[in-house]
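Please work through each task with the structure at hand.

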Amino acid sequence: MEHSVSYIFDDKLLEHCDKLPPVKQRASMVHALIESYELLKYMNIIPSVKATPEDLQLFHSSSFVKCMKESNDLDLDDVNEEQIEFGLGYDCPPFENIFETILTIAGGSLTAASRLVSEDTKIAINWCGGWHHAQRDEAEGFCYVNDIVIGIEKLREKFKRILYIDLDIHHGNGVENAFAFSKKVFTLSFHKHEPGFYPGSGLLSDVGLGNGRGYSCNVPLKEGVSDYSLNYLFKIICPQIYEAYQPEVVVVQCGSDCLNEDPLGQSNLTLDSLGECIRSILNWNKPTLFLGGGGYNLPNTARLWTYLTAIITGQDKLISMDIPDNDFFLKYGPGYELPIVKGNQKDTNDKTYLDCIIKTVKDNLKKYDVKSSL
Ligand SMILES: [Zn+2]
């Protein structure tokens, strides 16, 4: 039976995504949980097609691609200065067969985008994608390739206005930088912005550059953002941008490191607020690409992306709150339940601050005359 949701999945994609430091085996955990909830039957399962080196150049420079190709089977100790320039080492260590992994990861989002371009699907999901920090010339922040930008470039073959929404706790810097000068892609990032918190960019005053001025929007959050604060902001800001810009397609990065108990995100959201965001986006009824992203508490990442898959396929009210048996069942202890609870962290985003963000975003849409007739 044909469904309106396509789920990008095949063993090779999982195998390569499973190798990514520091989310080893995460892709398999996510897929196993989605499968155990019997959600696969509500989607068309679409195997990914590996990207070509030329596909990578939809965004990355030829010298970056060449460097990654030559870095296949490189030991961390053997990284040379040029490779360090291109970002290998530190937070993006080389690993076995790295170039194959890069091509496969990019291929997942490219396959998803192609399905939307050919109108074979209304919604595509690729939880193996969402690597938003990679820059044109540099691997960065655990991201070896920017599959999102490559996917968006593919979408541009058909769609004139693309809205990118980034829910990861970190600023979606690679995607914003890629389209900073363009009106064709409106980037919106919600992220924590505190001293010392990676990557440090994404201020409220960063609105895009040159011809693209006004077509980037940043929502920098202070420590401890709660479900209430995120939903308050999202439900006012997103409809305003949507109304002004009238996107033809939406791309959503669903990084789960904003959840409580993420070791890197140190934040306090639960499945509830993120689920609400996804419901709002689905209500627009536009072609939409859902991607993964950060998420370093692996069972919680699997919980979120399974829950979002249930929402996207209309099954969220029907699924059990008890984790079904699967290959990684023991990882979900001691509670073995789908929901995650919020912690005691204080939300330092007070109403005055939230309202200030909302007013600035609204003023900017007007000031830069953001509109759909490009
Ligand atoms: Zn992140």
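**Exercise 1.** Determine how helix H9 and helix H12 are oriented at their contact.

*Solution.* Helix H9 (residues 227–245) packs against helix H12 (residues 351–367) at an angle of about 5 degrees, and their axes lie 10 Å apart. Helices are DSSP runs of H or I with at least four residues, numbered from the N terminus; axes are lines fitted to C-alpha atoms over the stretch in contact, with angles from 0 to 180 degrees between N-to-C directions. H9 is therefore roughly parallel to H12, a term for angles under 35 degrees.

The model is predicted: local features need pLDDT of at least 70 and side-chain atom pairs 80 or more, whereas totals for chains, interfaces and linings use all residues. Residues are numbered from 1 along each chain as its sequence is written.

**Exercise 2.** Identify which residues of H9 and H12 meet.

*Solution.* Contact requires C-beta atoms, placed from the backbone, within 7 Å.

**Exercise 3.** Locate the residues that touch the most other members of the largest nonpolar core.

*Solution.* This core has 114 residues, and Tyr164 and Val251 touch the most other members. Such a core is a set of buried Ala, Val, Leu, Ile, Met, Phe, Trp, Tyr and Cys residues joined through C-beta atoms within 7 Å, where buried denotes 20 or more other C-beta atoms within 10 Å of a residue's own. Helix H6 (residues 98–117) gives the most to the core, with 10 residues. Beyond its neighbours within four places in sequence, Val251 contacts Ile148, Gly151, Ile152, Ile162, Tyr164, Leu289 and Leu291.

Note on methods. Helix = DSSP H or I, 4+ residues; strand = E, 2+ residues; numbered from the N terminus. Parallel < 35°, antiparallel > 145°, perpendicular 65-115°, else oblique. Contact = placed C-beta atoms within 7 Å. Buried ≥ 20, exposed ≤ 12 C-beta atoms within 10 Å, placed from the backbone.
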